[in-house]
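Please look over the structure shown below before reading on.

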Amino acid sequence: MPTAALDLKEAILQLKKERNAVILAHNYQTGDIQDLADYVGDSLGLAYQAKATEADVIVFCGVHFMAETAKIVNPSKTVVLPDRDAGCSLEQSCPGPELEAFLQANAAKNYYVIAYINCSAHVKSLCDVICTSGNAVRIVEQAPSDRPILFVPDANLGAWVMEQTGRKMDLWQGSCYVHVEFTRDSIQRIKDEYPDALVVAHPECTQAVRLLADEVCSTEKMISWCKNAPSDHLIVVTESGMLHRLRKEVPGKTLIAGPTERCACADCKYMKLNTLEKLHQCLDRLSPEVVLPEDIRAKAEAPLLRMLEQSK
Ligand code: SF4
């Protein structure tokens, strides 16, 4: 294993070539991983990339449910991720067996189930359609009007979508532990410090924080919004990895990390489990690999393909 950072990067690129691999990285990955990736984006963009790739191996630098999604939409590929323990509090808040039991107990309601992509393959397999934060409004607008909607697992994203669409939904009470760390007071304090700054927040934040924002949107949309925002100072209320991409793509503006009560910005401990060393190791060993039972994969594929179709 090479030790110097430069050697390590070169070794990763060499292995990537030998394996005919593609490296996909989420916006919340560390800057050094983003800079090595073939594509950096949000869950929606990454799902399209995973489906379209002709590489033999997909190295997914993100969290486990994202790598699973890549396997679901492109099952003939070998999908690996740097750290098998890279989970997600939203995924954990809605275990498949619990959702299955809830749907059985409420079968008479005939729910149309919409799942935010931050969930397990098992949960996806129980749903009618998947959404991301980038397309959630569009997906809910296309839901049948004669069935009640159950939205899982993020109650904050679900509440924001209800505000945007006027559609009532029953919300599973899950949350992203990172985005709920931002509070009204922590954002107000930074607004007081930079009175001319505008605020952009992710819809996984609580309503109290969203109400202080000038724009609420997905990480991908933050790029164009920040470019066009009529202020040189922008407060960005999402996971800290997003700052790296924004600083590269919006170089002329001062980007201020949205602070939590505890620290100046918010790191997702799961996203940050991935390192260059682990990326090298997973390319070398082709492990940990995502393996899914075919019946679950096939059932989870249908609502994902419906999402891709409805997002066009
Ligand atoms: S930032 Fe939140 S939603 Fe995203 S992976 Fe981490 S815990 Fe999950």
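A nonpolar core is a set of buried Ala, Val, Leu, Ile, Met, Phe, Trp, Tyr and Cys residues joined through side-chain atoms within 4.5 Å, where buried means under 20% relative accessible area, exposed over 50%, and partly exposed in between, with a 1.4 Å probe and protein chains only. This is a predicted model, in which local features need pLDDT of at least 70 and side-chain atom pairs count only at pLDDT 80 or more, while totals for chains, interfaces and linings use all residues. Residues are numbered from 1 along each chain as its sequence is written, and side-chain values use heavy atoms, with hydrogens and water left out.

The largest nonpolar core holds 93 residues, of which I114, V152, V237 and M307 touch the most other members. Helix 4 (residues 64–73) gives the most to this core, namely 6 residues; helices (H or I, at least four residues) and strands (E, at least two) are DSSP runs, numbered from the N terminus. Another core, of 18 residues, lies apart from it and has I12, A21, V80 and L276 among its members. If neighbours within four places in sequence are set aside, I114 is in contact (heavy atoms within 4.5 Å) with V129, C131, I139, V140, A143, I149, L150, F151 and V152.

In helix 12 (residues 219–228), the residues T219, M222, I223, W225 and C226 are buried. The buried residues of this helix pack against strand 9 (198–201), strand 10 (215–216), strand 11 (233–237), helix 13 (242–249) and strand 12 (254–257).

Which residues surround the ligand? They are Y28, V63, C88, S89, L90, N118, C176, Y177, V178, E204, C268 and M271, a residue being near a molecule if one of its heavy atoms lies within 4 Å of it. This shell divides into 9 nonpolar, 2 polar and 1 charged, where Ala, Val, Leu, Ile, Met, Phe, Trp, Tyr, Cys and Pro count as nonpolar, Asp, Glu, Lys and Arg as charged, and the others, Gly among them, as polar.

| Cis peptide bond | Omega |
|---|---|
| V152 to P153 | near -15° |
| S287 to P288 | about 0° |

P153 is found in the loop between strand 7 (149–152) and helix 9 (155–165), whereas P288 is in the loop between helix 14 (276–285) and helix 15 (294–310). L286, which is not a glycine, has a positive phi of about 50°, and at 25% relative accessibility L286 counts as partly exposed.
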